[in-house]
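Here's a quick tour of one model, written for someone who likes to know the cut-offs behind the words. Take a look at the structure first, then read on.

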Amino acid sequence: MYQRIIKPLLFSLNIERAHHVVLLMLRIFGLIPGGRWLLRKCYAVEHPALEREVFGMRFANPVGLAAGFDRNGEAFRELAALGFGFIEVGTVTPRPQAGNPRPRVFRLPKDNAIINRIGLSNRGLETAIRHLRRPHGGVIVGCNIGRNTSTPAENAPADYLKLFRNLYQYADYFTVNISCDNSCREGTTHTREHILQILNPLFDFRRGQNQYRPVMLKISPDMTDEVIDRITDVLMETPLDGIVATNGSHGREGLKTSRTALEKIGSGRLSGAPLTGRAVEIVRRIHTRSGGTYPIIGVGGLMSADDVRAMLDAGADLVQLYTGYIYEGPGLVRDVCRALIADAERKATRTAPDAASDAGETSGKPQDSAPNA
Ligand SMILES: Cc1cc2nc3c(=O)[nH]c(=O)nc-3n(C[C@H](O)[C@H](O)[C@H](O)COP(=O)(O)O)c2cc1C
């Protein structure tokens with residue numbers, strides 16, 4: 001149904017318009033009595049083999065929706081009903097911001113990819129609070145936070161702290177997005193000093209709270225291995241809970257889309273199939289260096305169940321989808337979940353009788369205060 005009817009309709013629209021239509025339809029579905037139940041009935045797969053315990057929280061399945069899809073938290077409950085194990089809302093900035101001029105999101109169908117330079121367009125902290133304070137209905141909701149484009153780099157820590165403080169009670173975990181689109185140079189935002197200037201005030205605030213909220217750091221696939229190692233060391237040496245790897249890339253290597261078309265599109269982050277290899281490689285590198293004990297959310301070019309398997313095998317505890325979801329539709333989460341159940345059952349029969357305990361895996365970093373169970 002998605003491939004034959006819905007996708008051609010959505011792909012006939014400008015991608016941002018299609019995105020608005022989808023969010024609107026989901027919200028309408030959410031208002032209809034039984035709407036979310038129906039979505040869950042069609043798409044959600046439940047099975048003990050899918051459950052994961054990561055940073056003290058129980059995830060119904062390891063497949064989440066990546067940041068950027070529900071930037072203002074307006075449809076997280078409906079999206080969860082489509083079968084995701086968790087939803088990452090945002091990126092939210094303190095003040096609303098319009099982002100870059102349109103068009104700013106482009107499909108690359110020949111590459112199963114997207115280029116976007118949205119520039120963290122979102123309706124700001126107040127709107128996010130209004131949406132996230134609604135009952136979550138059992139779904140794990142992460143909040144991805146970033147600084148306003150107009151905030152000077154030296155005031156960036158204050159932006160992150162303001163978001164963290166004010167959203168603390170409304171999200172289950174936080175992702176600090178240090179990548180920036182047009183407003184700054186990544187070389188300066190990826191130094192240990194800069195990262196700690198942002199993270200330390202969050203850790204200090206968290207120490208005074210009764211509830212524990214894990215803090216993740218989202219990284220770019222364009223970082224050198226040296227920078228990735230430096231960030232992995234930050235993970236091991238500070239109360240940072242985990243890493244979300246990765247965001248989209250500024251690279252354009254190996255694409256089937258013509259050079260002319262790419263030049264016409266211009267700058268922006270590339271996501272989707274061309275990213276799979278690098279994202280998996282980065283997750284493996286972090287996992288190996290950190291000894292496999294720190295939570296990693298693997299994201300980037302996960303277009304099929306096999307891609308998700310590769311990401312989990314590389315050491316990710318959880319995964320997130322974005323571009324794969326646009327190209328493959330809501331059936332992708334269901335297909336991935338079914339494939340993971342089949343894998344777990346195969347593994348259980350191979351190692352029977354005592355392999356049933358393989359089904360749920362646990363990971364988590366020793367925490368600097370009580371976990372939010
Ligand atoms: C249109 C679009 C908007 C995005 N917006 C955000 C965002 O606001 N914050 C963020 O951290 N990542 C954002 N992302 C990046 C995704 O969360 C994800 O990290 C990236 O697209 C790689 O995954 P994918 O290949 O499955 O799309 C965006 C991606 C796309 C395609």
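## The ligand shell

By class, the residues of the shell around the ligand come out as 11 nonpolar, 13 polar and two charged. The sorting goes like this: Ala, Val, Leu, Ile, Met, Phe, Trp, Tyr, Cys and Pro are nonpolar, Asp, Glu, Lys and Arg are charged, and the others, Gly among them, are polar. Keep in mind that this is a predicted model, where local features need pLDDT of at least 70, side-chain atom pairs count only at pLDDT 80 or more, and totals for chains, interfaces and linings use all residues. Residue numbers start from 1 along each chain as its sequence is written.

The ligand has 26 residues around it, and the closest are Ala66, Gly68, Ser271, Tyr322 and Thr323. The elements that supply two or more residues to this shell are β6 (113-116), β11 (269-272) and α13 (323-328). A residue is near a molecule if its C-beta atom, placed from the backbone, lies within 6 Å of it. Elements are DSSP runs numbered from the N terminus: helices are H or I with at least four residues, strands are E with at least two.

## Strands

An open sheet of three strands runs in the order β5-β6-β11, with antiparallel pairing. Its edge strands are β5 (105-108) and β11, each pairing on one side only. Two strands pair if DSSP finds at least two bridges between them; β6 and β11 have four. In that pairing, alanine 113 sits opposite glycine 272 in β11.

Elsewhere, β9 (residues 215-219) and β10 pair in the parallel sense, again over four bridges, and leucine 217 stands opposite isoleucine 243 in β10. Strand β10 (residues 242-245) is covered on both faces: Gly242 and Val244 on one side, and Ile243 and Ala245 on the other, are all buried. Buried means 20 or more other C-beta atoms within 10 Å of the residue's own, exposed means 12 or fewer, and partly exposed is in between, with C-beta atoms placed from the backbone.

## A helix pair

Helices α11 (residues 276-289) and α12 (residues 305-314) pack at about 20°, with axes 8 Å apart. They are therefore roughly parallel to each other, a label for angles under 35 degrees. Axes are lines fitted to C-alpha atoms over the stretch in contact, and angles run from 0 to 180 degrees between N-to-C directions.

Thr276, Val280, Val283, Arg284 and His287 in α11 meet Asp307, Ala310, Met311 and Ala314 in α12. Contact here means C-beta atoms, placed from the backbone, within 7 Å.

Technical notes. Angles under 35 degrees count as roughly parallel, over 145 as roughly antiparallel, 65 to 115 as roughly perpendicular and the rest as oblique. Two residues are in contact if their C-beta atoms, placed from the backbone, lie within 7 Å.
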